[in-house]
Each structure stands twice: as C-alpha cells, then as structure tokens.
2 protein chains.
Amino acid sequence: MKQISRSSPVPLYYQIMESIRARIMNGELKPHDSIPPEQQLAEFFSVSRMTVRQAITHLVHEGLVHREHGRGTFVADPKISRRLAKLNSFFEDMKERGMEPGSRLLACSTVPAKPEIARLLRLEEGDTIIRLMRLRYADGVPMALQTTYLSFEMCKEILEDPEFESLYRVLEEKCGVIPYIAQQTIESRLPDQREAALLGVDDGMPMLLIQRVSFTEDGVPFEVAHTLYRGDRFNLSLTLYRSPVAGPGSLSAGP
Amino acid sequence: MKQISRSSPVPLYYQIMESIRARIMNGELKPHDSIPPEQQLAEFFSVSRMTVRQAITHLVHEGLVHREHGRGTFVADPKISRRLAKLNSFFEDMKERGMEPGSRLLACSTVPAKPEIARLLRLEEGDTIIRLMRLRYADGVPMALQTTYLSFEMCKEILEDPEFESLYRVLEEKCGVIPYIAQQTIESRLPDQREAALLGVDDGMPMLLIQRVSFTEDGVPFEVAHTLYRGDRFNLSLTLYRSPVAGPGSLSAGP
DNA sequence: GAGTGGTCTAGACCACGCG
DNA sequence: GCGTGGTCTAGACCACTCT
C-alpha cells in the first residue's frame, strides 16, 4: 500500500482516505470485504487513530464503506450505494457517461431578466443577466438544447470567451463561483418546430426538459438552466433513500 | 440555551447537536446567521472542542449549517438545503404532493420471472414472482400506470389482500420487508394505444417512465417497478449536490 | 493581529459482536 | 475475553478571513 507524506501540503487524513479509496477502486478490496481496523491503519500510517477515523468518516459519507459497531468497516455494495446523482455541468455529465461532449454556441449576450428568471436569481425584473444558448452534442450527435441564464455580477468573466468547454470549470477558475447545490425539475414534453429542427428529431419525439437553479455554498443563486434533452438519447439515473442520512450513533435513546 | 447531561446515555456530541438544531428550528438562529464559534461552544458545554466539532460535522452533513474557513459556521438557507431525499411509494408520494391517491387493480398473480426482472431481483429466469398491475389515480383522475414485480419469497403475504393502500406500509407490516434504498432511471416516451386508453390521454402525449429497483438495508432487491406517468400531470423535483453528501430526489408537485 | 475553522496528537474508557 | 468501532479529552499548530 502506498505510504503517505508528512511534508505534503495535502492533509494526512486526505492521503489516507485516497489510499483506501484506491484499494477499493482497483479491486484489491471488494464489496463486503472488511477494511483493516482503525488501530492497525493508525500504526501503519504512523498517525493517531482520530486521523484515521476522519479519513474513514469521509468515505462513509460518500457511501463507499460502512461501519458496523463491534464488527468492523466494510466496503459497500456498489450496485446500490455508489451512484449518487452529482451536480454536473453538461460537459462533465457526458464525460461521466463515457461520451464526448460538444457545443455549438447559438447566442451569447446580456439581456434584461424576465420576471421568472429574476425571481429565481433573486434579482429585480429587468436587471442585466447573461444568456447563453447552446446546442449540445454527445459523440458528435445533437443531444440537447440548452439555455443558460447567469448572474451578470457574479459571472461576467464568462463573456470574455464564451466558447469554453465546461461551464462549471470556467466559473470556478475565472469567476470564483463554486457550484454547491442545485434544485432541478424534470418533465416530459414535445419540442416545438424550431427545437426539433435544431436537434434533428421529429416533432413528435418526446423530450426531457430539465430546469435547474444552481447555488453557491452561501445559498446565492448564480445560474438558471433549461435543458431540453432528446428522449431517444438520454435518461437519468438516481438513488433514493427511505430515510435521510442518519448519523453513526443511532437516533433513539432519550435522556 | 439548554444545558447537557453527562449522566445521560445520549452522547455529548449528540446532545450538543440537538441543542444547536433546536435553536435553528425555533428561529433563534436564522438562515445566514453565524452560530457561536467552536471554542465558545466548548466552554459553554464544558466539553473539548473536538466534541463540539463532531456535533457540528453532523449538522454540516445534514445540510443544516455550513462552515467557512476563517469566517465561521452559518445556518444554511432552508430554501436550498433542507429538502431531504425520500424513497416513497406512489401512495406516499401523492399524499406528500397534497393529492388523494387511488388505485384500480388490473391484475395480480404469480408469474415466472422474465430474464431482465430475474436479473434485477437476483433470481433465476422462470422463478416465481408476484406481478401487480395497477392504474393509479390522483384526486380521482388517472395519473400513472404501474407494473410492480415483487420477490415471491419475501413478499408473498401481499397476495392475501392485494387491494392495499400503501405498498411500502404493507411490506413493512405484513412481510417484514423494510425498504431502504432504490435505484431509479427516468426517461421519456410515448404511450402505446392500450396505455393511452387506460390513462385517458392521446397517444401523442409524452410520458415519463420511471423504473425502480428497491433494496432492503442488507442490499437484497425485493421490488422492480415500472411506472408510466402522464407527462401533463407529473414532474419530478430533486436536489443535487456538487460533492455527494446526501441522497437526491424528492418528488414534488407539477402542473 | 485577532478570531475563526482545519488538522493532528496520544492517549482514555465504553459499547457492541463474536467465539 | 478479545477485537472492533464510538465517544471524549486537553491540548497543539496551521491556514484563512477580516480589520
């Protein structure tokens, strides 16, 4: 197993976390296997047990492993626990699906915000915002038609070069805007004639319309995106839990 | 603020967590307010700072607060961070949307498992399973057409009275099967003539098809459900995180 | 520089699962 | 009884933000 470096700027718990993750990802540790006990990992890495616990706690919250009091810590079953939906840009999403994303910029300008968009971005009606319209490709074939509204104040650096690859990467690097959470609604509808023509589908083809509002960690909305996906080329996969994530110690006993 | 009890069987960090949560829930601490610094909380409760950190870490993972390095810890915006993911049956989902669920049983029998269903339920092809076909109503109007395949071994008590209200409640009470997690895929398609007739829609109406495989906590699959929702009456709403912490996917009402 | 959260130590005792 | 994870201490130093 890879050793860790105390001179690295990367925290020890993070290096340990990645070390364990690597052993799971490369198949050395398989689902339902136990990982070494915390005490043993602490000795191996020459750190305190609390540091090992910090590493494992992260992996637990990711769903990669789970702890069992008195028994050990076990690699989770990938079939049911590792496919949490992530907040991805179109570019990132297609990459994760193993397809090559592409983009054709149809329009890019500043416009006054319509009431609905202004409300979602917590601006006043008529405030200046950025509007991008793009035809999105996957492996060279049209996949979706996307209209993105961005807060002008937060994202104006986007306008310097709107032919970027990944919106979220540019937002992080040029604008200092780090996406954190988003609310999405998903519905099914038919395309209008213009949409059908751009996407190269029949106007009777059912489409998936995904509308997203994205926020930074501070709860500030910066993006409203409407994406119309071809129903014949796209689906969504997500994981649902019966009860929201509960802490390690169970939640019954009262004082 | 409520003091904590060292003689209680409830861990100190848990009592502190609940104390902070209570101050947020009762409005004493509002969204974007900072909570007291960790050092101060440690002194107030007479515990070490690490114990306070453990309490706050739980609240962070719940999305109730968020930390900002060098600045403080802040109450999260409820509009974007407190939607919890839930695995609901159709009955429960409609109740949460404020609609009155209904059901018409079209078929209920044991059948041999087709290859795809057998694979998902981890059975052999041809093994006996239960198949339910139901037309589902919301406020008395057809909303979805649902085919549910259940493991015979785990769910046979269902057959005693298949005209139940909530599948998940019956599974818990009569079969001892407690749903824990599910994988869903969502796509858009047109109905065939029979489906359109049953749901009372035109056959050009785009529909949402949701396919679900549900598991118990042990990772054992017990249900495969195909639900075809009317696109004009149904949509999905879900929360996405940039770094997966919580499970996504709560359902919300549509037009 | 003061105040905050981020990381880390080197122990301790307890609760749980199992043989 | 033994090994495991669960909780907790009383400090330490660092990195970041704000003034």
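Q: How many helices and strands are there in chain A?
A: The model is predicted. Its chain A has 255 residues, of which 35% are buried. The C-alpha atoms of chain A fill a box of roughly 65 × 45 × 40 Å along the principal axes. The secondary structure of chain A comes to nine helices and ten strands.

Q: What share of the contacts in chain A between residues at least 6 apart in sequence join residues at least 24 apart?
A: Two residues are in contact here if their C-beta atoms, placed from the backbone, lie within 7 Å. Among the contacts in chain A between residues at least 6 apart in sequence, the share that joins residues at least 24 apart is 53%.

Q: How far apart are the C-alpha centres of domain 1 and domain 2 of chain A?
A: The domain assignment of chain A places domain 1 at 12–81 and domain 2 at 90–230. Between the C-alpha centres of these two domains of chain A the distance is 37 Å.

Q: Is helix H2 of chain A roughly parallel or roughly perpendicular to helix H3 of chain A?
A: Helix H2 of chain A covers residues 38–45 and helix H3 of chain A covers residues 49–62. Their axes come within 8 Å and cross at roughly 110°. Angles of 65 to 115 degrees count as roughly perpendicular. Therefore the relation of H2(A) to H3(A) is roughly perpendicular.

Q: How many residues of each class are in the contact of H2(A) with H3(A)?
A: From H2(A) come Glu38(A), Gln39(A), Leu41(A) and Ala42(A), and from H3(A) come Arg49(A), Val52(A), Arg53(A) and Ile56(A). By class, these residues are four nonpolar, one polar and three charged.

Q: In chain B, which residues of H2(B) and H3(B) make the contact?
A: Helix H2 (residues 38–45) and helix H3 (residues 49–62) of chain B pack at about 110°, with axes 8 Å apart. H2(B) is therefore roughly perpendicular to H3(B), and the crossing is right-handed. The contact is made by Glu38(B), Gln39(B), Leu41(B) and Ala42(B) of H2(B) with Arg49(B), Val52(B), Arg53(B) and Ile56(B) of H3(B).

Q: Is H1(B) oblique or roughly perpendicular to H3(B)?
A: Helix H1 of chain B, residues 12–25, packs with H3(B) at an angle of about 55°, and their axes are 8 Å apart. Angles under 35 degrees count as roughly parallel, and 65 to 115 as roughly perpendicular. The angle therefore makes the relation of H1(B) to H3(B) oblique.

Q: How many nonpolar, polar and charged residues has the contact of H1(B) with H3(B)?
A: H1(B) passes H3(B) in a right-handed crossing. On the H1(B) side are Leu12(B), Tyr13(B), Ile16(B), Met17(B), Ile20(B) and Arg21(B), and on the H3(B) side are Thr51(B), Val52(B), Gln54(B), Ala55(B), His58(B) and Leu59(B). By class, the contact has eight nonpolar, three polar and one charged.

Q: Is Gln211(B) buried or partly exposed?
A: Gln211(B) has 18 C-beta neighbours inside 10 Å. A buried residue needs 20 or more, and an exposed one has 12 or fewer. Gln211(B) therefore counts as partly exposed.

Q: What is the C-alpha to C-alpha distance between Gln211(B) and His226(B)?
A: Gln211(B) lies in strand E8 (residues 207–215) of chain B. Leaving aside neighbours within four places in sequence, Gln211(B) is in contact with Gln184(B), Thr185(B) and His226(B). Gln211(B) and His226(B) are 15 residues apart in sequence, and their C-alpha to C-alpha distance is 4.6 Å.

How values were computed. Residues numbered from 1 in each chain as written. Chains lettered and ligands numbered in written order. Predicted model: local features only at pLDDT ≥ 70, side-chain atom pairs only at ≥ 80, totals over all residues. Domains from an automatic or database assignment. Axes fitted to C-alpha atoms, helices over the stretch in contact; angles between N-to-C directions. Helix = DSSP H or I, 4+ residues; strand = E, 2+ residues; numbered from the N terminus. Parallel < 35°, antiparallel > 145°, perpendicular 65-115°, else oblique. Nonpolar A, V, L, I, M, F, W, Y, C, P; charged D, E, K, R; others polar. Left-handed = near helix turned anticlockwise from the far one by under 90°.
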